[in-house]
Amino acid sequence: PFPPPPTLHTCQGLAPCLPEQGQVNTSGPRLLLATLHPASGSSTAMDRIFSALLLSLLLLLQSYGVCGAPPQPRGTLCRTKPTDLVFVIDSSRSVRPNEFEKIKVFMSQVIEGLDVGPNSTRVGVINYASAVKNEFSLKTYQTKAGLLQAVQRIEPLSTGTMTGLAIQFAISRAFSDSEGARVKSTNVNKVAIVVTDGRPQDGVQDVSARARAAGIEIFAIGVGRVDMHTLRQIASEPLDDHVDYVESYSVIEKLTHKFQEAFCVVSDLCATGDHDCEQICISTPGAYKCACKEGFTLNNDGKTCSACSGGSESALDLVFLIDGSKSVRPENFELVKKFINQIVDSLEVSEKQAQVGLVQYSSSVRQEFPLGQFKNKKDIKAAVKKMAYMEKGTMTGQALKYLIDSSFSIINGARPGVPKVGIVFTDGRSQDYITDAAKKAKDLGFRMFAVGVGNAVEDELREIASEPVAEHYFYTADFRTISKIGKKLQMKICIEEDPCECKSIVKFQTKVEDLINSLQQ
């Protein structure tokens, strides 16, 4: 006799599955081995094989993630590097008092993620406008609580913008031995985070070069109407890692996670999430490799997995609704094109499987190409690359109405009975009413995903997104991180296979039989 099997749960209303991670009956593997052992009691060989078949099937269901993600490697979470960190914050008159409070929230959140102490991370703050004020030095506070309280007491100076003078102060004073800076070594980093929202009234190029030559790693954060050329003159190489831009101070705290990671010593890249694997991360000393769940294949990039592979069950009509307003900016619009093609790469495009359409909107709506016009990925991606930037307003409501009335109509290539998926991408508040059109799209059975960047309004994104909303809307502060959202969407837009389908059961049964044969041998 065997102990009773694990309690079965319903997974998405489709099929009985094993309990989720953390609830798994750990006696499973021992039961399987005992069943196949010659000294398993008086049961017949057929009884033993049948019992093994049932238990193996349960184990395979657990292992291959029918009811959730497969077990992933575990490891030690990261700890922060010993760092001498100095914030250099612009409090010129262009920074309003409520905006300056947002800078303080951002600094506090970064500090919260640090190991603060005399032998770990030390923090100082330079406040500047027309003059420079040393709010507190690296040696002033040795506890996180002391730092957080000191940050809350900082007041804006509200005069000019002498960014070069502030950086020079960092070199000569803030990072000096007398102010608590340590001798630079491989064990201690020197980092400055410069936050500014305007064009400096003095030069920054030469003084920034001297700071970098002195071993100071500089991150430059620009807000609003900042001069991007100035940020690039300030920041360390590579610029893609050291220059950040946000549309307003209201979203600056979205950068917190990036800087918490920047100061992190990673002992297990999989455990800390510091990897690009879409599904499964396999940790190795100082590195990792990616793998995919059962039923998915690893793409050529070695990171993402193809979720739609063969069969009529992967048929879908997918339309991208892309914000081409002037706030996006030309360089970011090119990143949006890459985002679209990243998702296209994960599809099986053909007349019987996935079809893709593309609509761009600003003050008006323009269909770039309808569903079914292109029959393969290569042609779709080429058309996306040729898309011209409209550069006007943000009429998201009008675009949603176009999606309903035109994009998913039979005359524009939509197929009756095929699932309809819409991906709305925007970077700002809509200039028209979206509620009715967003509701109608979902009432018609369209599966709607909402992706927002920068100044996108999260309440609007939630209104557009299908239920469950948390799985259908995404937000990031920085256009350069939208590829991470693309990886998540690659998984979500595909039609899931029913684990109760006959062919699914046969596939599992075949694997069970193979496993039993190998164990018997």
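**Salt bridges, a disulfide and a helix pair**

Q: Starting with D405: how does its relative accessibility make it count?
A: D405 counts as partly exposed, at 40% relative accessibility. Keep in mind that this is a predicted model.

Q: OK, and which residue does D405 form a salt bridge with?
A: With K401; the closest N and O atoms of the two are 2.8 Å apart.

Q: Where do D405 and K401 lie?
A: Both are in helix α13, residues 396-407. They sit four residues apart, about one turn of the helix.

Q: Which residues do salt bridges with shared partners join into one network?
A: K254, E458, D459 and R462.

Q: Take E458 and K254 from that set. What's the N to O distance in their salt bridge?
A: The side chains of E458 and K254 meet at 2.9 Å, N to O. The pair links distant parts of the chain, 204 residues apart. E458 is in helix α15 (residues 458-464), while K254 is in the loop between β9 (243-246) and α9 (256-262).

Q: And what are the relative accessibility values, E458 to begin with?
A: E458 comes in at 22%, so it counts as partly exposed. K254 is partly exposed as well, with a relative accessible area of 38%.

Q: What about K190 and D84, buried or exposed?
A: Buried, both K190 and D84. They form a salt bridge too, with the closest N and O atoms 3.5 Å apart.

Q: How many salt bridges does a search of the whole structure find?
A: That search turns up 17.

Q: Switching to cysteines. How many disulfides are there in the whole structure?
A: One. The disulfide joins C277 to C290, with an S to S distance of 2.0 Å.

Q: Which parts does the pair tie together?
A: C277 is in the loop between α10 (269-272) and β11 (280-284), and C290 is in strand β12 (residues 287-291), so the tied parts are 13 residues apart in sequence.

Q: What handedness does the disulfide of C277 and C290 have?
A: Left-handed, because the torsion about the S-S bond is about -80°.

Q: Is C277 buried or exposed?
A: C277 is buried, at a relative accessible area of 10%. C290 is buried too, at 12%.

Q: New topic: helix packing. How do the axes of α11 and α12 cross?
A: At roughly 170°, and the axes come within 9 Å. The angle is over 145 degrees, so α11 is roughly antiparallel to α12. For reference, α11 covers residues 330-344 and α12 covers residues 377-386.

Q: Which residues in α11 and α12 meet?
A: From α11 you get K337, I340, N341 and V344. They meet K377, I380, K381, V384, K385 and K386 in α12.

Q: Zooming out, how many helices and strands are in the chain?
A: There are 17 helices and 20 strands.

Q: And what share of the residues counts as buried?
A: 49% of the 521 residues. The chain exposes about 24600 Å², and carbon and sulfur atoms supply 53% of that area.

Q: Last one: what share of the contacts joins residues at least 24 apart?
A: 73%, taken among contacts in the chain between residues at least 6 apart in sequence.

Technical notes:
Residues are numbered from 1 along each chain as its sequence is written. This is a predicted model: local features need pLDDT of at least 70, side-chain atom pairs count only at pLDDT 80 or more; totals for chains, interfaces and linings use all residues. Side-chain values use heavy atoms; hydrogens and water are left out. A disulfide is a pair of cysteine sulfur atoms within 2.5 Å. Helices (H or I, at least four residues) and strands (E, at least two) are DSSP runs, numbered from the N terminus. Buried means under 20% relative accessible area, exposed over 50%, partly exposed in between (1.4 Å probe, protein chains only). Contact means heavy atoms within 4.5 Å. Accessible areas come from the Shrake-Rupley method with a 1.4 Å probe; for residues, only the protein chains shown count as cover. A salt bridge is a side-chain nitrogen of Lys or Arg within 4 Å of a carboxyl oxygen of Asp or Glu. Axes are lines fitted to C-alpha atoms, for helices over the stretch in contact, and angles run from 0 to 180 degrees between N-to-C directions. Angles under 35 degrees count as roughly parallel, over 145 as roughly antiparallel, 65 to 115 as roughly perpendicular and the rest as oblique.
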